[in-house]
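Me: I have a structure open and would like to learn how to read its features. Could you walk me through them?

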Amino acid sequence: MVLEVNERNFEAEVLQSNLLVMVDFWAPWCGPCQSMAPVVEEVAQEYAGRLKVAKLNVDQNMSLAQRYGIRGIPTLLFFRGGKVIAQEVGYTPKESLVSMVNRLLGEEG
């Protein structure tokens, strides 16, 4: 399941999460973001319980987008312990995303 995050719940859902968190910074008008959505959904389902997946609409949450220096979308940021540990900018094929997630999860153990 992909969680919608915003200014109100970002701290609790992302920064205070015990799991690795992937946040998809996107906007409704962004074509590559629309293409990325099903990939993000599939990864969320496949890694349920090990990876928290969230989407953040940059149009509605500009201060968070600015805080994390989002220049282009889609941008995927990976958080662990409240810190950004990796990022991917632009459309990312599922295979690339899966190998990145596996690598990041492998670093946990």
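Reply: Happy to. Let's start with serine 17, which sits in the loop between helix 1 (10–15) and strand 2 (20–26). Helices (H or I, at least four residues) and strands (E, at least two) are DSSP runs, numbered from the N terminus. This is a predicted model, where local features need pLDDT of at least 70 and side-chain atom pairs count only at pLDDT 80 or more, while totals for chains, interfaces and linings use all residues. Residues are numbered from 1 along each chain as its sequence is written, and side-chain values use heavy atoms, with hydrogens and water left out.

Me: Is serine 17 buried or exposed?

Reply: Buried means under 20% relative accessible area, exposed over 50%, and partly exposed in between (1.4 Å probe, protein chains only). Serine 17 has a relative accessible area of 11%, so this residue is buried.

Me: What does the side chain of serine 17 reach?

Reply: The backbone nitrogen of leucine 19, at 3.0 Å. Beyond its neighbours within four places in sequence, serine 17 is also in contact (heavy atoms within 4.5 Å) with Ala12 and Lys52.

Me: How should I read salt bridges, and how many are there?

Reply: Side chains of opposite charge can pair when their charged atoms come close. The rule is a side-chain nitrogen of Lys or Arg within 4 Å of a carboxyl oxygen of Asp or Glu. By this rule the count is four. One of them joins lysine 52 to glutamate 13, with the closest N and O atoms 2.8 Å apart. Lysine 52 is in strand 3 (residues 51–57) and glutamate 13 in helix 1, so the pair ties together parts that are 39 residues apart in sequence. Glutamate 13 is partly exposed, at 25% relative accessible area.

Me: Which residue pairs with lysine 55?

Reply: Aspartate 24, with the closest N and O atoms 3.0 Å apart. Lysine 55 belongs to strand 3 and aspartate 24 to strand 2, so this pair ties together parts 31 residues apart in sequence. Both lysine 55 and aspartate 24 are buried.

Me: Which residues are linked in a network of salt bridges?

Reply: Glu42, Glu46 and Lys94. Within it, glutamate 42 and lysine 94 meet at 2.9 Å, N to O.

Me: And how do I read a disulfide?

Reply: A disulfide is a covalent bond between the sulfur atoms of two cysteines. The cut-off is a pair of cysteine sulfur atoms within 2.5 Å. The structure holds one: cysteine 30 with cysteine 33, their sulfur atoms 2.3 Å apart. This link is right-handed, with 80 degrees about the S-S bond, and both cysteine 30 and cysteine 33 are buried.

Note on methods: Polar contact = N/O pair within 3.5 Å; in protein donor to acceptor, adjacent residues only side chain to side chain.
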